[in-house]
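Please read them with the structure open.

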Amino acid sequence: MKQKKLMFSKSVAYKWIVSYAVIMLIPLIVSAIIYLQTKQIVEYEIERAGHAMLKQMQNTVDSEIDQAEKMAMQLSIHNDVNKYLNMTAMEEKSQSFQIYKTRQELSKYKSTNDFVSGIYLYSSRLDKVLTDETYVDSQTFYEMNRQMIGMPYEEWLPLLKGESAGGKALTPFTQFKRWETKVVLMKPFSSAGAENAFKGALILPLNGSKIQSMLKNVDWVNKGDVYIVDKNNQILFQNNSLAGLQNVPYTEEGGKKAGTSFINIAGTENMVSFIDSDTTDWKYISVFPSSVFWEKAREIRNLNLFGLLLCFLVGGGVISYFARKNYNPVRELVNMFSGAKDEQTQRVLDEFSFIRESALATIRERDDINNRQFRQLRVLQTYYLSRLLKGQAEDGLSVEEAARLHHFKWDSEDFAVLLFYIQGGGEGSPSPSLSNFIVSNIIMDFTGGHHSLSFTEMDGMLAAVININAERSASWKEDIEEALTKTLEFIDRKYRLQIVMAGSERHTGLNSLHQGYLQALEAQEYRLVLEENLSIWYGEIEAQETDYYLSINDEVVFINLIKSGEFDKASAMVDAILAQFFGSSLLLASGELPDIFLNTWLQYPGGPDKAVEQGYILKLNDLIDQYAPNLKKTLQEHPEIDKMIKTDDGTYYAFPFIRSEAGRVYGGPIIRKDWLDELNLTVPETIDEWHTVLTAFKEKKNAAAPVTFRTMFLGERTGGFAGAYGVMGNFYINDGKVVYGYLEPGYKDYLTTMAQWYKEGLIDKDFASIDSATVDKKMTSKVSGATIGWQFYIEKYNSAAQETDPNANFVAAPYPSAAKGQLPEFGQLDNAYAGTSSAAISATAKNVEAAMRWLDYAYTEEGSLLNTFGVEGTTYTLENGKPAYTDLVVKNPEGLGSDQVMMKYSHGTNFPMIQQDNNLPAKYLQTTESIDIWKKTNHESHLLPPITPTAEEADEMSSIMNDINALVKEVELKIILGTESVDNYDKYVQQLKDMGIERALEIQQAAYERYMKR
């Protein structure tokens, strides 16, 4: 019984009954709220309606007044009017036609504006009034219009002549005057340059009946009174001639041009609203009884009560009827889907949720399959072509099977490879991605149906696999050259792109495509060496004898490692190439290995244990006990260092370079403080503040590249701007787990911001390809105002920039955070032992003891002083037991910086030793202060220690990460540059998983856990 009651409470029928009951309560609640808010609503409605009505009236009347004033202005400059006003009594008779002509003009003007009931032009010299109908002297005009004028002739004539009560001329501006039954617009005329030289006046009586008609046509006016008053509160116009008010009461608040107040008039509460005219000193005032609006409130209240009663009467019956009627089809659907869900799921979900989840699951499954097939077809084709070109084709797959599997139109066994080097023609040229798309489509169009072309991108070039039509196998090169010629003509004319092609010879079978790719690469390299901008085939290359060969592919990989700042990987690649060319096995066999190897042994293929196992270097455990007492003492005193420099099984393999605490942080954001001061900005601390600062640099300092940096600072080598999003582009620790930053949601958010900044022109448009020297030039030539770099950059930038700009001031900025007061999760921080510059003893060393003792000397007090401070008496002296630099360092006679001097006498860094804080004096205080600024992050809690995977794990890790490292850097750059939508990032995350990143994380996690148990 209890279970059935519980299941019924989860049923949609139960929810319907409850919801219907709640609906019944809604009218009651709404009625109460409406009743409580009625007064406020009504008052607001009153004020809003009054203001709207007055605004409507103001716009209407002011518009007409403005037209009348414009007519007066036009008449004041009219040639005929001025001739009439300048006419003397002597000239009057001879100028009769001119007077007639002027009257005709006045008649025309009057006919164009029905807002004025007449146009009267008074001439002071003639003492006559010319109208659109008559021409009489002033006395006669007065007699004709005595009722309208409403004042004695003796008062009216001076007013007409522009004289004040004191006899002085009035200012010659347009004025509105109240005559007995008319409001007139008066504009006096005077002679130019003559003081008080009054010539006459223009009088435009306003059409009162039209104004009253306007007032009556205003919304709501029939329910109240509307007035137009002058500055003396005298009524000029009103909609109701029977209204008994002589002066209209209103409350003017603090000089406001509009307002509303409630005033008791004749025992009735009225809403009195006013608004000032925009063109005259008039006011528009409305007076409405408040009861007009309260009638609506009473209607709403009565309607609420009636609705409430009706709801209670009908509600019960409606609930019962619709609950039954609506539940029957739902029950049928539940029964239909019940076979697809287990009983537990049905108990948890109500009927609608159960049906929705069942249907959506089916639809999602279908759509996901279709979408994956559609969206990934091109990706799979591109990836497959890349593998073919790299020599990674699936064994045993025929051309027909590959074509069917990957949807290629391949009809023959003959293939060739084409590489296109595409270069833009300057500003306005398409992006690299768009350029590849354009070129590939146009070439396919011009190739026609002769041959099948499939395209992919390889190392910055557009690669094409051509399946040669068997019927045109004799002329396939001519077909391609003809298509390329047409493409070049079209592309150069429309897109300003330069294209150079390098092609392989014809090959048979899919397995030969790698050879074709190498031929096309070699042809491209041959063209570059000859510096010829012509397309070339591999068969046209002149054969050259050589003992070794380095492909252009290897060169591209090596250059990319250097550009991205991955010097350790570049060094390892050089070692591998040298071993390939000159034979490491030959060196081992000859016994000519150096006694001491200085290397990053953590990155040795297979790890340090592999180097020991292969016989390259010695295991040092026993040797340290015998010949390295100083290193042994250091490790005993610093167990955290001892933990770092040995492998999981306890093997010591090298004398380590141990960084000092201060030496672990040496890089971060750098910004021009003088620009910030000039723009009244502070050093940015958050991402939003950085956006504000960089925008100001662009718009107010005209910086072409507000922030510039090399790609190594995007988030892999340092936290850069990524740290604000809680990620970094590498492996790191989160709560005891190894994570890969590129998989985290925060990295997508970070790339979204970087892409937006790049689109806005805040990031250097060339950052993807610039080197350190280019960054230096931009930072010291006012092209850029911010970068991310090493500590000595501050010294270098200030020295160079201040030669031409003494105010230049480069300072360190903190790593940005997401919000003010927060610490970024990442910055730049190295382990005390990062594996670099570590010295191992060769397995063939003739005097192992001498090598051990020589290296051990660096860990003595004397050796540490030598490596850190140089030669005593030359670069330093001991004062109170502490090293103090000599003038050779501090005040070098040759003008060298202190760091330049110390490079001649000490290692300072990157040598097997324990680094001390050398406190090397800097020329600029900003340099010294930088480390304390950059170290304020949470990086320490995420730092992955120097773990050592097993040899098998290291080989597997290398196999996985080689392709992954290339992919993440490529995708990162494409998204920032805008050639790839950030919406596709999740697709690439899945691709990383497909490539084995989760297995790489397992390896790293296992190595980390072994490290923590050391």
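1. Helices (H or I, at least four residues) and strands (E, at least two) are DSSP runs, numbered from the N terminus. The model is predicted: local features need pLDDT of at least 70, side-chain atom pairs count only at pLDDT 80 or more, and totals for chains, interfaces and linings use all residues. Residues are numbered from 1 along each chain as its sequence is written, and side-chain values use heavy atoms, with hydrogens and water left out.

2. Thr 102 belongs to helix α5 (residues 96-111). Its relative accessibility is 0%, so Thr 102 counts as buried (under 20% relative accessible area; exposed is over 50%, partly exposed in between; 1.4 Å probe, protein chains only). Which residues does Thr 102 contact, leaving aside its neighbours within four places in sequence? They are Asp 80, Val 81, Tyr 84, Leu 121 and Leu 130, where contact means heavy atoms within 4.5 Å.

3. An open sheet is formed by five strands in the order β8-β7-β11-β10-β9, with antiparallel pairing (two strands pair if DSSP finds at least two bridges between them). The edges are β8 (235-238) and β9 (258-265); each has a single partner strand, so one side of each is left without a neighbour in the sheet. On average, neighbouring strands of this sheet are turned by 25° against each other, direction ignored. Angles run from 0 to 180 degrees between N-to-C directions, and axes are lines fitted to C-alpha atoms, for helices over the stretch in contact.

4. Within that order, strand β10 (residues 268-276) and strand β11 (residues 283-289) run antiparallel and are joined by seven bridges. Phe 274 is opposite Ile 285 in β11. Helix α9 (residues 208-217) lies across β7 (225-229) and β8, at about 60° to β8.

5. In strand β19 (residues 667-672), six of its six residues are buried. β19 pairs with strand β22 (residues 786-790) in the antiparallel sense over five bridges, and Ile 671 stands opposite Ala 786 in β22. Three bridges link β19 to strand β23 (residues 810-812), also antiparallel; here Ile 670 faces Ala 812 in β23.

6. Helix α34 (residues 951-977) packs on helix α35 (residues 985-994) at about 175°, with the axes 11 Å apart. The two helices are therefore roughly antiparallel (over 145 degrees; under 35 is roughly parallel, 65 to 115 roughly perpendicular, the rest oblique). Contributors to the contact include Ile 964 and Leu 967 of α34 and Tyr 985 and Gln 991 of α35. The residues of the contact divide into eight nonpolar, one polar and no charged (Ala, Val, Leu, Ile, Met, Phe, Trp, Tyr, Cys and Pro count as nonpolar, Asp, Glu, Lys and Arg as charged, and the others, Gly among them, as polar).
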